[in-house]
Amino acid sequence: MAEPAGKRLKSSLPLCKAHRSSTGSRAKHNMQAAVEEALCGVSSLLWDGAYRLQALACVFERDDVALPRVASFFHQEALKQQDEAEAMLGYLAERGGNYCGKDIQKPGCEAVCAVLPALELLQLQLKEEVGILVELSQLARKHGDPHTASVVKSHFLTPRVDRLKLLGDLLTSARRVGCTDNQAGGFGEYILNELQEELTG
């Protein structure tokens, strides 16, 4: 028995609800509508992540927190995320797909005022993105689009795995030097800000 056309399989891929598929486009290069819609949704997810990282960077620039290297680290992560979102949009346009922008929501990290929860939030975000990118790669293969699967794996998935490794090392260092979850901060945050090489570059 065939599945109804309007019904979708369960997936954690962020799909664009108001997506305008370019099925009639002559410039479309052999890309299925499901892959195009998933690329559009993942692009929006990457933009949301960049916005959240920028908000976290601003937390550590405030005068009551003042951890400039930590703020710089989150700014650099936000720039990487923006570059990846733009690269995915460029790939989508190159293949003849349409991007449907959505409203930007609050980043949801207003309560984060310490280094340890901010790093944990970034780790959760990257893990979620890795899972979604793996699922996007599998969807592309399922729909007979090995080029998209290869691009997702090489340009988006592999760099995230390296960033997750770096982040794991940072979290371990933060716990070892005594960073806490509370807003008051302490000597651990200062040591991490001053001595951690990963924060500078």
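**Stop one: a buried serine**

Start by selecting serine 43, which counts as buried because its relative accessibility is 0%. Keep in mind as you look around that this is a predicted model. Serine 43 sits in helix 1, the stretch covering residues 33–59.

What does the side chain of serine 43 reach? Show the backbone of leucine 39 and you'll find its oxygen 2.8 Å from that side chain. Now bring up the contacts of serine 43, skipping anything up to four places away in sequence: you get Ala85, Met88, Leu89 and Tyr99.

**Stop two: across to alanine 85**

Hop over to alanine 85 from that list, and you've landed in helix 2, residues 68–94. Buried or exposed? Alanine 85 comes out at 0% relative accessibility, so it counts as buried. Leaving out residues up to four places away in sequence, alanine 85 touches Ser43, Leu46 and Trp47.

While you're here, colour the whole of helix 2. Its 27 residues reach 38 Å from the first C-alpha to the last, close to the 39 Å expected at 1.5 Å a residue. Following helix 2 is glycine 96, with a positive phi near 90°.

**Stop three: helix 1 against helix 3**

To see the interface, show side chains on both. On the helix 1 side, the residues meeting helix 3 include Val35, Leu39, Val42, Leu46, Gly49 and Leu53. On the helix 3 side, look for Leu121, Leu122, Gln125, Glu129, Ile132 and Leu136, among others.

**Last stop: helix 4**

Finally, select helix 4, residues 146–177. How far apart should its ends be? With 32 residues at 1.5 Å each, helix 4 should span 46 Å, and the end C-alpha atoms are 45 Å apart, so the two values agree. Even so, look for a kink of about 35° in helix 4, centred on lysine 153. Then step just past the end of helix 4 to glycine 178, where phi is positive at about 100°.

Terms used:
Residues are numbered from 1 along each chain as its sequence is written. This is a predicted model: local features need pLDDT of at least 70, side-chain atom pairs count only at pLDDT 80 or more; totals for chains, interfaces and linings use all residues. Side-chain values use heavy atoms; hydrogens and water are left out. Helices (H or I, at least four residues) and strands (E, at least two) are DSSP runs, numbered from the N terminus. Buried means under 20% relative accessible area, exposed over 50%, partly exposed in between (1.4 Å probe, protein chains only). A polar contact is a pair of N or O atoms within 3.5 Å; within protein, one must be able to donate a hydrogen and the other to accept it, and residues adjacent in sequence count only if both atoms are side-chain atoms. Contact means heavy atoms within 4.5 Å. The expected span of a helix is 1.5 Å times one less than its number of residues. The bend at a residue is the angle between axes fitted to the seven residues ending there and the seven starting there.
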